[in-house]
Structure formats: structure tokens, C-alpha cells
Amino acid sequence: MGEAGKPLRFNKGREAFRLLSIKASTGFFLEKPRSECRETSEIYTGFLPATGLVMKSQTVTHSKMADQVRAFYDKHPYPPPVNSLGDYRRRWENEGRRRADFHLFFPDRAYQADQAILVAGCGTSQAAKYALRQPEAQVVGIDVSQTSIQQTAALRRKYKLDNLELRQLPLERATELERSFDKIICTGVLHHLPNPDAGLSALHQVLKPDGAMHLMVYATYGRSGIYMLQEYARRLELGHTDQDINNFAAALMALPLDHPLARLLGESPDFQRKDALADALLNPMDRAYTVPQLLDFLERCGLTFGRWVRQAPYLPQCGALATTPHSARLNQLPRREQYAAVELFRGTMLRHSLVAYHADGSAHSESIQFDDDDWPNYKPIRLPETIRVTQKLPPGAAAVLINRSHTYPDLYLPVDALQKKLYDAIDGHRTVGEIIGGLAEVERGQQTDLRRFFQTLWQYDQVVFGSGRVGEASVK
Ligand SMILES: C[S@@+](CC[C@H](N)C(=O)[O-])C[C@H]1O[C@@H](n2cnc3c(N)ncnc32)[C@H](O)[C@@H]1O
């Protein structure tokens, strides 16, 4: 991105291109603006723009790229197929988990189980999981890969998922479903499309005006080691036969321990399996987004940012950054600038997972606010991955709150004795006001501290809030 987050533009001869993503320390991906060219992308592999050098270029039609992606996932379906969803079903039998998930996306709506859900690019099991965990919902799963659809169909038969419909259909043609959805899940897919804007715009067209999307795309900086190895594979013209993958896995055993990919190779379960390795390193089409690129992407496709699925890693108010001399300066930035700065500071984010709404619809994004008087009416619901630790505490703490889905060790929240009592009183049904009113220890005049505490719980992904008419929720 150029100055002030504007896309960088390049001229080659008489043609203008914009920078879509940097593929590795030695490569970048340019595309003609969509208005000028819908069907082709040009990939340049070479030095970064600052050097002014372009080593090699290749024009690939979008349909050829899409064919390559489909063929890849037919051969290497992802995630690895599963036979049993028993544990998954048991986890989602928990009413609190279902309510927390609902209000993450719809903070200002009463709980609704019978939603219309689209899982776009559903892979081998994701659509079946949604149909299983939300039996009252009508779930549609679409994917280009026949293998993935077949794997999901086997789960549908096994678990008698009558509420699941499957279609082998590119998400770019989602309007052919001729219906609209309360919730669209599209995780790990858009960054594999030759034209992600066309894909997301198609999904935008089938989202109900008050619907929500769950999107996940790759993040640029944290994946730099992956892009280096992708570039390495391209230079060696590696294919993705079983032999190629075995050889690649063997070669990676010799990767220097301080290579930017080494930590991921060692720590991420994604790299322990060969199919996952192929998905990460040999995928024919893979791009990533920085925070500003992602927010621009949403805007171009008629969407608005709601929240990060796990927000603490993006907030300068959480974790180690909050204690640095930059804290005040970071807090003064607009929200999107804060996220962009924190992504740069953390440096290792691998993916961005977010909630988005119609830009012109009744967005739920601003419904959780702490600068007016509505916060005592919010109903806090604990997120299921949260734990409360009461051993080996830092001085002055009565407990430490942790969300186990966070991968950054600085994201823990020490609480004092009163805060611990407030936290313990959260039962998913009472409002903040009712919780505070039920504690004799709370003194008059503490409103600001209390407000800040519940805001902090929310920022640290300890709770989500139901606001508005949540009290009328009917949970089955
Ligand atoms: C990495 S997998 C992610 C699967 C699933 N969303 C999940 O998170 O478990 C990517 C999936 O997107 C599918 N896909 C790729 N291009 C697609 C397109 N244009 N339309 C629909 N699905 C697509 C692939 O076939 C593959 O199943």
C-alpha cells in the first residue's frame, strides 16, 4: 500500500496496474483494475517496486486459475476429511456457547436459531458442522470441489442432516441460489480466488439487509515465511503430486531454525500433515491482506467492518502494547489505524477473521458502545474458550482471565477481588446493571471503574454482549 493506505499504482507501457499483494520478499502481485480487465491477472515475480526491477511476468486467465484451484482441492481436499462429528456435536450442545456465538455476530438481536446460513467454499466438513450445531437453521453449503461436496454429503447421510443442502457451485455465482441469508460463512476461501472482489461482491448480493458475514482471509506479514517457501517452490517448478509433497516435507526438515517459517513449522498443527502442508505451500492461488487492504476490500464490495472475531490481538488497549510509551499515541488514532499499527507491531498474525455487515444496511457494528448510558443494559455472555486462573498470580491479582483461543501470551487480564466477584456473577442471563446491583461490595461513585471493567472484559474477548431486546431471547 502507498501513503495513507492508498493502493500503489504501477504503469507498464501504457497500462496501469494496482498492487494487490506482495507475495514474498522477492515478489508481488499486480492486477489491472477490474473495470479495465475482468478476465486476466498478470503475475510478476521479481524485486520489490523500490528496486524498479521486474524479473519475470506471466499472464493467467481467471478461468484458468479457477480451474487450477478446483483441481487442487479435488486432489487435496481441505480440511482433511473427518468421519466423526460426535465431539463437535457435544461441544455445541452447550447453550451458552450457541448464545455467545450468536451475539458475537448479532449483538442487538434476540437469539434466533432458525437462520438461513450459507457456507461458501465449505470444504469437507464445515457446512455439515453448521447444520449439526444449529438444527433449526437451513444451511446451504457450496464449493467448487467435487471431492469436498462428496465428503460433506457423506456426513449429511451419517448424521441425517435434513437441514443441509449442498451444491457444487463457485461462490462467484451465489446469486444462482436465488435466496438470501442471515449469515454467510466464508473462511479460508476468498484469498484463493483469482478475483476476490468478484467473489465477495457476489456474497454481498445474497446477504440479507440485516445479515452478517464471517470472513477469514490470510494476513500478509505473519505469512512472509510461507510466501518465501511458495516462491522457492515456484522457482523449482514443484508440482503437487504425493511424491512432490513428500520431497518437500523432507526438504523442510533441513530448514534453518531461524528461517521465518521455522516457528510455524514447529508450532502450527496445520503443518504437521502433508495435505495441510500442500494447502499452505503449493496452493496454485494464494494472496494475503494487510489490515488496511482488508478494510478497503470490504468497502469495495459494499460491506462494512463489524468486529474481529477475536479482537484483543488487534487492540492497543490490550496486552503488552498498552504498557508502552506509545499507548497514548495509539489511543488517539482512528480505530482502523489502531488495528493497522497493532498488526505491524505484532508482526506474526497469520489470518484475519472478522464479522462484516452491509455497508448500507442496519449495521450491528456500532451497537456495543461504552460512551453513552446504555452499557448497564448489556447482557454479558462468557465466551466458551475463557478460563479463570487463580494460581501463581501476579501481585495484587485475585485471578487472571485468559481466552485460550488467543495465541499471544501477553493477552491475559489480571483482576482484583471485586472484579473477580463481578466476573463470577456473569451467568449469561443478567444484565451488567443487575450484576452490579446484586453485589453489596460495590460502592456508590464507582460507575466509571465498573464501566471500564466491563469494557475491558469485552475488549479482551472474555465476553460478548447482547444488547437491545436480548431479554426476549428464546433459547432451545
Ligand atoms: C482452505 S479450504 C477452506 C474450507 C472451509 N471454508 C473451512 O474453513 O474449513 C478452501 C475451500 O474453498 C473452495 N473453493 C475455492 N475456490 C472456490 C470458489 N470459487 N467457489 C467456491 N469454493 C471455492 C475449495 O474447493 C476448498 O474446499
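# Briefing on a predicted protein–ligand model

Helix α4, which spans residues 126–133, is mostly covered, with seven of its eight residues buried. The model is a predicted one. Its protein chain contains 16 helices and 17 strands. Of the 476 residues in the protein chain, 36% are buried. Among contacts in the protein chain with a separation of 6 or more, 69% are between residues 24 or more positions apart.

**Helix α4 and its surroundings**

- The buried residues of α4 are Gln126, Ala127, Ala128, Lys129, Tyr130, Ala131 and Leu132.
- Two helices are among the elements against which these buried residues pack, namely α2 (86–92) and α5 (146–158).
- The buried residues of α4 also pack against the strands β6 (116–120), β7 (138–143), β8 (164–168) and β9 (181–187).

**The seven-stranded sheet**

- Seven strands form an open sheet with mixed pairing, in the order β8-β7-β6-β9-β10-β12-β11.
- The edge positions belong to β8 and β11 (303–308); each has a single partner strand, so one side of each is left without a neighbour in the sheet.
- Strands β6 and β9 run parallel and are joined by three bridges.
- Val119 stands opposite Ile185, a residue of β9.

**Strand β7 and its crossovers**

- Strand β7 is largely enclosed by the rest of the structure, because five of its six residues are buried.
- β6 and β7 run parallel, with five bridges joining them.
- Ile117 has Val139 of β7 as its bridge partner.
- Between these two strands the chain passes from β6 through α4 to β7, and this β-α-β crossover is right-handed.
- β7 is also joined to β8 by five bridges, and these two strands run parallel.
- The bridge partner of Asp143 is Gln168, in β8.
- A right-handed β-α-β unit is made by β7, α5 and β8.
- Within this unit, α5 lies across β7 and β8, and the helix runs at about 165° to β8.

**The shell around the ligand**

- There are 23 residues around the ligand, and those that come nearest are Tyr73, Gly121, Gly123, Ser145 and Gly188.
- Two or more residues of the shell come from each of the elements α1 (62–75) and β7.
- Helix α1 gives the most to the shell, with three residues.
- By residue class, the shell divides into 12 nonpolar, eight polar and three charged residues.

**The three-stranded sheet**

- A second topic is the open sheet that three strands form in the order β14-β15-β16, with antiparallel pairing.
- Its edge strands are β14 (386–389) and β16 (412–415), each of which pairs on one side only.
- Strand β15, comprising residues 399–403, pairs with β16 in the antiparallel sense over four bridges.
- Ile402 stands opposite Tyr412, which lies in β16.
- Helix α14 (residues 417–424) packs on this sheet and touches β14, β15 and β16.
- The direction of α14 makes about 110° with that of β16.

**Leu401 within strand β15**

- Leu401 is found in strand β15.
- Leu401 counts as buried because it has 24 C-beta neighbours inside 10 Å, where the cut-off for a buried residue is 20 or more.
- Leaving aside residues up to four places away in sequence, Leu401 touches Thr386, Arg388, Tyr412, Leu413, Val415, Tyr423, Tyr460 and Gln462.
- Leu401 and Leu411 are 10 residues apart along the chain, and their C-alpha atoms are separated by 9.1 Å.

How values were computed: Residues numbered from 1 in each chain as written. Predicted model: local features only at pLDDT ≥ 70, side-chain atom pairs only at ≥ 80, totals over all residues. Buried ≥ 20, exposed ≤ 12 C-beta atoms within 10 Å, placed from the backbone. Contact = placed C-beta atoms within 7 Å. Pairing = 2+ DSSP bridges. Right-handed = clockwise from strand over helix to strand, strands pointing away. Near = placed C-beta within 6 Å. Nonpolar A, V, L, I, M, F, W, Y, C, P; charged D, E, K, R; others polar. Axes fitted to C-alpha atoms, helices over the stretch in contact; angles between N-to-C directions.
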